[in-house]
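Work through these exercises with the sequence and the model side by side. Try each task before reading its solution.

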Amino acid sequence: MKKILVKIVACTAVIALGIGILGGCAQIYGKAGKMMQDITDISERAVEKGSILAEKAIDTLNKALDTGASAAETALDDIDEFLEKADNSLKEYEPFGVSYSEANRMYWYQGKPVAGLYDEGHHTMVNGFYGDIGIFVIAERDSAGALTGVREISKKEFVQAVGVDEIDNAKEAAKRMEYDFAKEDISVAELGAKEFEKLKESLRAAHNGENIVIECNDYVFWFHRS
């Protein structure tokens, strides 16, 4: 039995390492500024996909950064492709009500962000950031193994089904990584892509200079100090 954690301290370490490497290469690497933005964006995207995906993406980038900027640039492309595949990882469940939002790059079910989906022997997805505000879903299959549907279960039932001690939430994750934590009475479910990006940038501007996790009614933003 283990505890599922949102290990985004590694995100901070990668970004800090990247700044050091790229700072030293700035004179010979003209795209350092853009690359740092790419690193930040990809780190945030990895977090959006959950702790397991975040660890894989961050480990890859970390190894590349150890070898220098050119390798890191290659790793960014590889990780971006990896995350694009992650974006499609729950497509099998879409006919049964699980939907993907292009605007906020999250999976949703019954109007709530998917915090966890368990399909025994096939797929397990957990995003600890959403442990308190998201929905937990379990897949159902017939005797032949064909997917027949999905249904909501409680967080407690999900924890028991997956076989872990507990699942983190945004506030606990922020505390562990020594980030500030805030709540906003805002919903993103009905926002289009432009409206979502406008909200994201307004929150980023409002908290400029802070390392902060912001939990909204149905979404969690993560910002690294710029």
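## Exercise 1: Confidence

**Task.** Find out how far the model can be read over residues 51–55.

**Solution.** Where pLDDT is low, the predicted coordinates should not be read in detail.

Next, the whole chain. The model is predicted: local features need pLDDT of at least 70, side-chain atom pairs count only at pLDDT 80 or more, and totals for chains, interfaces and linings use all residues. Residues are numbered from 1 along each chain as its sequence is written, and side-chain values use heavy atoms, with hydrogens and water left out. The protein chain has a mean pLDDT of 74, and 60% of its residues reach 70 or more. Residues 1–36 have pLDDT below 50, yet this stretch has 80 contacts in the model beyond near neighbours in sequence.

## Exercise 2: The overall chain

**Task.** How many helices and strands does the protein chain have, and what share of its residues is buried?

**Solution.** Start with secondary structure. The chain has 7 helices and 11 strands. These are DSSP runs, numbered from the N terminus: helices are H or I with at least four residues, strands are E with at least two.

Then burial. Of the 226 residues, 48% count as buried. Buried means under 20% relative accessible area, exposed over 50%, partly exposed in between (1.4 Å probe, protein chains only).

Finally, contacts. Take those between residues at least 6 apart in sequence: 59% join residues at least 24 apart.

## Exercise 3: A hairpin

**Task.** In which sense do strands S6 and S7 pair?

**Solution.** Locate the strands: S6 covers residues 135–141 and S7 covers residues 147–153. They pair in the antiparallel sense over 6 bridges; pairing requires that DSSP finds at least two bridges between two strands. Glu140 stands opposite Gly149 in S7. Now the turn. S6 and S7 form a hairpin with 5 residues between them. In the turn, Gly145 has a positive phi of about 90°.

## Exercise 4: Two side chains

**Task.** Is His224 buried or exposed, and is Lys156 buried or exposed?

**Solution.** His224 sits in the segment after strand S11 (220–223). Its relative accessible area is 15%, so His224 is buried. Its side chain makes polar contacts with the side chains of Tyr179 (3.0 Å) and Asn211 (3.4 Å). A polar contact is a pair of N or O atoms within 3.5 Å; within protein, one must be able to donate a hydrogen and the other to accept it, and residues adjacent in sequence count only if both atoms are side-chain atoms.

Lys156 lies in helix H5 (residues 155–162). Its relative accessibility is 61%, so Lys156 counts as exposed.

## Exercise 5: Aromatic rings

**Task.** Which parts of the chain does the pair of Tyr130 and Tyr219 link?

**Solution.** The structure holds 8 aromatic pairs. Rings of Phe, Tyr and Trp (its six-membered ring) pair if their centres lie within 6.5 Å; planes under 30 degrees apart count as stacked, over 60 as edge-to-face and the rest as tilted. Tyr130 and Tyr219 form an edge-to-face pair, 6.1 Å centre to centre with 80° between the planes. Tyr130 is in the loop between strand S5 (123–126) and S6, and Tyr219 in the loop between strand S10 (212–215) and S11. The two residues are 89 residues apart. Both Tyr130 and Tyr219 are buried.

Terms used:
Contact means heavy atoms within 4.5 Å. pLDDT is the predictor's confidence in each residue, from 0 to 100.
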